[in-house]
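Work through the exercises below with the sequence and the coordinates open. Each task is followed by a worked solution.

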Amino acid sequence: MPATANQLGQILDRMDYGRALKSQLLMNSKPESWVPYAQPLLDAVELFEELKIGYALIGGVAAMYYGRARFTEDVDFVAVTGHMDIFTAHPAELEKHHFAPDCVHKLYHQSGIQVDLWKDEYADQIVANAIPVELAGRSVRIIEPHDLLAMKLRAGRLKDDYDISQILLNTKIDESRLAAMVTAEQMAHFGEIKRRA
């Protein structure tokens with residue numbers, strides 16, 4: 001069923017908002033106060049670096065970096081095995097970087113933004129493959145695009161299919177490399193997404 005004029009307007013507004021967020025956060029303009037997750041993202045990166053925890057920025061912000069033009073409201077990371085033990089042992093550092101010290105499986109920022117720490121069986125490899133990029137005026141380690149596509153194929157959600165199609169339009173992907181990271185069924189699904197993109 002086609003979108004009504006009102007629905008289309010809402011969709012376009014969300015897309016414009018997503019593009020504005022990308023411009024402000026990813027293109028290294030000074031983050032504006034309306035970019036809700038800029039400070040929590042930077043605080044999380046500083047926390048990881050201070051505690052020497054390997055990390056990679058993933059999720060919607062990473063997808064935006066690689067070409068997705070869609071709205072996102074949250075910040076997602078993967079971190080190396082054992083990061084929760086390190087957080088538990090350093091509650092003062094969590095507070096120093098504006099996170100609640102009593103939760104270590106997610107980071108609750110004082111701004112009200114939640115920073116999700118994804119559990120992925122390949123987290124250590126994702127962190128090892130992460131690449132440094134400049135986001136919001138500083139160096140941040142971001143998931144490598146093949147790892148991002150593999151994570152999204154493993155998640156198998158409709159929004160991940162859209163993200164994959166948008167990333168394919170803007171990022172060169174080595175399919176043989178991707179095939180080594182996912183199941184044959186997931187790779188077949190990738191082929192369907194690519195044909196539709």
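Predicted model: local features only at pLDDT ≥ 70, side-chain atom pairs only at ≥ 80, totals over all residues.

**Exercise 1. State how many helices and strands the chain has, and what share of its residues is buried.**

Solution. Start with secondary structure: the chain has ten helices and six strands. Next apply the burial cut-off, under 20% relative accessible area. Of the 197 residues, 46% are buried. Finally, take the contacts with a separation of 6 or more: 65% of them join residues 24 or more positions apart.

**Exercise 2. Decide whether helix H7 is largely enclosed or largely open.**

Solution. Helix H7 covers residues 145–155, and nine of its eleven residues are buried, so the rest of the structure largely encloses it. The buried residues are Pro145, His146, Asp147, Leu148, Leu149, Ala150, Met151, Lys152 and Leu153. After H7 comes Gly156, with a positive phi near 65 degrees.

**Exercise 3. Classify the packing of H7 against H8 by angle and handedness.**

Solution. The two axes come within 9 Å and cross at roughly 155 degrees. Angles over 145 degrees count as roughly antiparallel; H7 and H8 are therefore roughly antiparallel to each other. Their crossing is left-handed. From H7, the contact uses Leu148, Leu149, Lys152, Leu153 and Ala155; from H8, Asp160, Asp163, Ile164 and Ile167. By class, the contact has six nonpolar, no polar and three charged residues.

**Exercise 4. Do the analysis for H8 and H10.**

Solution. H8 (residues 158–170) and H10 (residues 184–196) pack at about 60 degrees, with axes 9 Å apart. The pair is therefore oblique. H8 passes H10 in a right-handed crossing. H8 contributes Asp161, Ile164, Ser165 and Leu168, and H10 contributes His189, Phe190, Ile193, Lys194 and Arg196. The classes are four nonpolar, two polar and three charged. Ile164 takes part in this contact and also in the contact of H7 with H8.

**Exercise 5. Which phi values do Lys52 and His98 have, and are these residues buried, partly exposed or exposed?**

Solution. Lys52 is not a glycine, yet its phi is positive, about 55 degrees. Lys52 sits in the loop between H2 and strand S1 (55–58), and its 73% relative accessibility makes it exposed. His98, also not a glycine, has a positive phi of about 75 degrees. His98 lies in the loop between H5 and S3 and is partly exposed, at 31% relative accessible area.

**Exercise 6. Locate Asp102 and state its exposure.**

Solution. Asp102 is in the loop between helix H5 (91–96) and strand S3 (106–108). With 71% relative accessibility, Asp102 is exposed. Its C-alpha atom is separated by 8.0 Å from that of Thr88, 14 residues apart along the chain.

Terms used
Residues numbered from 1 in each chain as written. Heavy atoms only, no water. Axes fitted to C-alpha atoms, helices over the stretch in contact; angles between N-to-C directions. Helix = DSSP H or I, 4+ residues; strand = E, 2+ residues; numbered from the N terminus. Parallel < 35°, antiparallel > 145°, perpendicular 65-115°, else oblique. Left-handed = near helix turned anticlockwise from the far one by under 90°. Contact = heavy atoms within 4.5 Å. Nonpolar A, V, L, I, M, F, W, Y, C, P; charged D, E, K, R; others polar. Buried < 20%, exposed > 50% of the residue type's maximum accessible area, 1.4 Å probe, protein only.
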